[in-house]
Amino acid sequence: MQRRHFLCRSALLAAASLPTVPAWAQPGAVFPTRPITLLVPYGAGGPTDTHVRAVAEAAGKLLGQPVVIDNKPGANGVNGAALLPKAVPDGYTLAILPASVYREPHVQKTPFDPRKSFSYIAMLSDYAFGLAVRADAPWKQWKDLAADAKKRPGRINIGATGAVGTPRVVMDEAASEAGIDLNVVPYKGDADLANAILGGHVDAGPLSGIAVPHIASGKMRYLVALTKDKIKRYPDLPTLREQGVNAWIDSPYGVAGPAGMDPALVKRLSGAFQQALNSPGSLRALESLNQSVNYMDPDAYRAYALQAYEREDKRVAKLRAQGLL
């Protein structure tokens with residue numbers, strides 16, 4: 001009797017010491033068994049939403065369950081990131097992380113820490129920004145606008161997404177380096193900003209792919225490329241660096257989940273998003289938005305995020321020292 005009790009107790013202890021297998025990975029289990037929610041921190045119709053919807057549709061087909069977009073605009077693009085720490089790390093709640101996620105914790109208190117709060121799944125793409133104006137704007141290039149701004153300090157209105165979004169920060173940096181004073185007006189997203197430019201509510205603004213159809217129709221044009229290198233679609237458009245201002249927008253985005261996700265589940269989701277990123281629908285969306293594939297696997301994406309977090313710490317400190325934040 002004592003031997004039987006000892007054996008039973010030993011078996012229980014041995015079972016307790018075994019690693020816990022997540023429900024989705026147990027024999028016979030399938031992930032996903034219900035729709036996956038993908039939080040997009042921008043409004044419907046903008047470039048991020050347009051591309052991510054194409055990726056989500058393809059990923060849903062690959063995974064066997066819909067990937068449902070839930071738009072959460074505002075708050076400098078960090079609303080999705082702010083909700084992830086509250087979510088169960090089971091793969092059913094994911095979010096798009098823009099570049100502002102790495103900056104915001106250095107600006108104000110946030111409910112997330114990019115170093116600890118996320119399971120990085122897959123980087124997807126980044127934007128090709130240019131400084132857009134209406135077709136009838138009086139300036140032909142950046143130097144014309146800068147010269148006008150020196151004559152009329154604070155009188156030229158520049159729209160930019162987010163109070164401390166990457167486009168806003170870069171426009172502040174560009175104005176500071178050029179020695180001009182621009183009145184920067186924050187907008188929730190690119191779609192709102194594009195309408196404001198077309199309606200004459202602001203004079204100019206950094207826009208990515210959403211400007212392409214307006215440029216093609218002759219309603220808009222770019223004064224200057226806000227990318228590090230030339231924009232493939234507009235090879236004759238000079239970059240801001242070529243105009244003598246050492247500033248550009250580096251703004252990639254990707255998919256992440258809450259911290260604590262099982263590595264095997266992260267790997268599976270990453271593979272699905274990688275395939276979806278290269279699907280015909282995604283590639284068509286990228287072409288229309290003047291973007292390209294910029295996939296990173298979980299390890300590379302996490303390494304990028306940690307570097308970006310440290311870089312933004314120094315950037316915010318510099319902006320504060322200059323009185324720009």
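Biologist: Hi! What kind of model is this?
Modeller: Hello! The model is predicted.

Biologist: Thanks. How many aromatic pairs does a search of the whole structure find?
Modeller: The search finds 8 aromatic pairs. One of them joins Phe112 and Phe118, with 5.7 Å centre to centre and 35 degrees between the planes, and this pair is tilted.

Biologist: Is Phe112 buried or exposed? And what about Phe118, buried or exposed?
Modeller: Phe112 counts as buried because its relative accessibility is 5%, and buried means under 20%. Phe118 is buried too, with a relative accessibility of 5%.

Biologist: Why is the pair of Tyr120 and Tyr301 edge-to-face?
Modeller: The planes of Tyr120 and Tyr301 stand at 70 degrees, with the ring centres 5.0 Å apart, so the pair is edge-to-face. The cut-off for that label is an angle over 60 degrees.

Biologist: Where do those two sit in the chain?
Modeller: Tyr120 is in strand 4 (residues 118-126) and Tyr301 is in helix 11 (residues 298-321). They are 181 residues apart, and the pair links distant parts of the chain. Both Tyr120 and Tyr301 are buried.

Biologist: Which residues form one aromatic cluster with Tyr120?
Modeller: Phe112, Phe118 and Tyr301 form one aromatic cluster with Tyr120.

Biologist: New topic, charges over rings. Which ring does the charged end of Arg34 sit over?
Modeller: The ring of Tyr92, with the charged end of Arg34 at 3.7 Å from its centre. There is also Arg241, which lies over the face of Trp248 at 5.1 Å from the ring centre.

Biologist: Back to helix 11. At what angle do helix 4 and helix 11 pack?
Modeller: Helix 4 (residues 100-107) and helix 11 pack at about 45 degrees, and their axes are 8 Å apart. That angle makes helix 4 oblique to helix 11. The crossing is right-handed.

Biologist: Which residues make the contact?
Modeller: On helix 4 they are Tyr102, Arg103, Pro105, His106 and Val107. On helix 11 they include Tyr301, Tyr304, Ala305, Ala308 and Tyr309.

Biologist: Let's stay with Tyr309. Buried or exposed?
Modeller: Tyr309 counts as buried, at 10% relative accessibility.

Biologist: And what does Tyr309 touch?
Modeller: Leaving out residues up to four places away in sequence, Tyr309 touches Tyr102, Pro105, His106, Asp113, Pro114 and Arg115. The C-alpha atoms of Tyr309 and Ser100 are separated by 9.6 Å, although these residues are 209 apart along the chain.

Technical notes
Residues numbered from 1 in each chain as written. Predicted model: local features only at pLDDT ≥ 70, side-chain atom pairs only at ≥ 80, totals over all residues. Heavy atoms only, no water. Phe/Tyr/Trp six-rings, centres within 6.5 Å; stacked < 30°, edge-to-face > 60°. Buried < 20%, exposed > 50% of the residue type's maximum accessible area, 1.4 Å probe, protein only. Helix = DSSP H or I, 4+ residues; strand = E, 2+ residues; numbered from the N terminus. Lys NZ or Arg CZ within 6 Å of the ring centre and 35° of its normal. Axes fitted to C-alpha atoms, helices over the stretch in contact; angles between N-to-C directions. Parallel < 35°, antiparallel > 145°, perpendicular 65-115°, else oblique. Left-handed = near helix turned anticlockwise from the far one by under 90°. Contact = heavy atoms within 4.5 Å.
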